[in-house]
Amino acid sequence: MKHWLLFYEGDDDYIEKRQPYRGDHLDYANAAVLRGELLHGGALGDPPTGSVLAFLGDTAEVAENFAENDPYVRNGVVKNWRVERWIVVVGEGAEAL
């Protein structure tokens with residue numbers, strides 16, 4: 001299994017825009033945790049301007065599918081998102097390079 005990072009970029013009013021969808025987003029994220037796909041997720045910055053979520057899967061599709069169906073993305077809370085391969089070399093699940 002490989003690690004993938006999903007980066008979300010929010011608008012200037014990210015905090016206010018996310019409020020109506022926060023419960024649905026967290027329920028959606030927790031379901032991905034229970035499936036063993038999502039390892040961690042959280043806001044970036046103080047105050048938050050976006051977020052990053054760490055996934056485990058064979059391909060980037062696990063993170064891409066999450067983003068495409070996330071209430072934050074579907075309702076315009078996230079203005080841009082991208083997925084990047086994360087090669088973990090220290091800690092649980094580390095890969096030898």
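## Pocket, core and buried sites

Leu26 sits in helix α2. Helices here are DSSP runs of H or I with at least four residues, strands are runs of E with at least two, and both are numbered from the N terminus. The model is predicted, so local features need pLDDT of at least 70 and side-chain atom pairs pLDDT 80 or more, while totals for chains, interfaces and linings use all residues. Residues are numbered from 1 along each chain as its sequence is written, and side-chain values use heavy atoms, without hydrogens and water.

At 38% relative accessibility, Leu26 counts as partly exposed. The scale is as follows: buried is under 20% relative accessible area, exposed is over 50%, and partly exposed is in between, with a 1.4 Å probe and protein chains only. Leu26 and Gly41 are 15 residues apart in sequence and 9.8 Å apart in space, C-alpha to C-alpha.

**The largest pocket**

Leu26 and Gly41 both belong to the pocket lining. His25, Leu26, Gly41, Gly42 and Ala43 lie nearest the centre of the largest pocket, which 17 residues line. Two or more lining residues come from each of α1 (14-18), α2 (22-34), β2 (38-45) and β3 (48-57). Helix α2 gives the largest share, 6 residues. By type, the lining has 8 nonpolar, 7 polar and 2 charged residues. Here Ala, Val, Leu, Ile, Met, Phe, Trp, Tyr, Cys and Pro count as nonpolar, Asp, Glu, Lys and Arg as charged, and the others, Gly among them, as polar.

The space in this pocket is about 220 Å³. A pocket is an open set of points on a 1 Å grid over the protein atoms alone, where a 1.4 Å probe fits, with protein on both sides within 12 Å along at least five of seven lines; lining residues have an atom within 4 Å of a point. The volume is the space filled by probe spheres set on the points, which are joined across faces, edges and corners.

The largest nonpolar core has 18 residues. Such a core is a set of buried Ala, Val, Leu, Ile, Met, Phe, Trp, Tyr and Cys residues joined through side-chain atoms within 4.5 Å. Trp4, Leu6, Tyr8, Leu38, Leu53, Phe55 and Phe66 touch the most other members. Elements β1, α2, β3, α3 and α4 each give two or more residues. The largest share, 4 residues, is from α3.

In α3 (residues 61-69), Val62, Ala63, Phe66 and Ala67 are buried. They lie on the same side of α3, because they cover an arc of only 130 degrees around the axis. That arc is taken from the directions from the helix axis to the C-beta atoms. Their cover includes β1 (2-10), α2, β3, α4 (71-74) and β4 (78-86).

**Contacts and single sites**

Contact means heavy atoms within 4.5 Å.

| Residue | In contact with (within 4.5 Å) |
|---|---|
| Leu38 | Ala29, Ala32, Val33, Leu53, Ala54, Phe55 |
| Ser51 | Leu6, Phe7, Tyr8, Tyr14, Gly42, Ala43, Leu44 |
| Asp70 | Tyr8, His25, Tyr28 |

Ser51 is in strand β3. Its relative accessible area is 7%, so Ser51 is buried. Asp70 lies in the loop between α3 and α4. Asp70 is also buried, at 0%. Asp70 and Glu9 are 61 residues apart in sequence and 14 Å apart in space, C-alpha to C-alpha.

Pro47 is in the loop between β2 and β3. The peptide bond from Asp46 to Pro47 is cis, with omega near 10 degrees.

Note on methods. Lists of a residue's contacts leave out its neighbours within four places in sequence.
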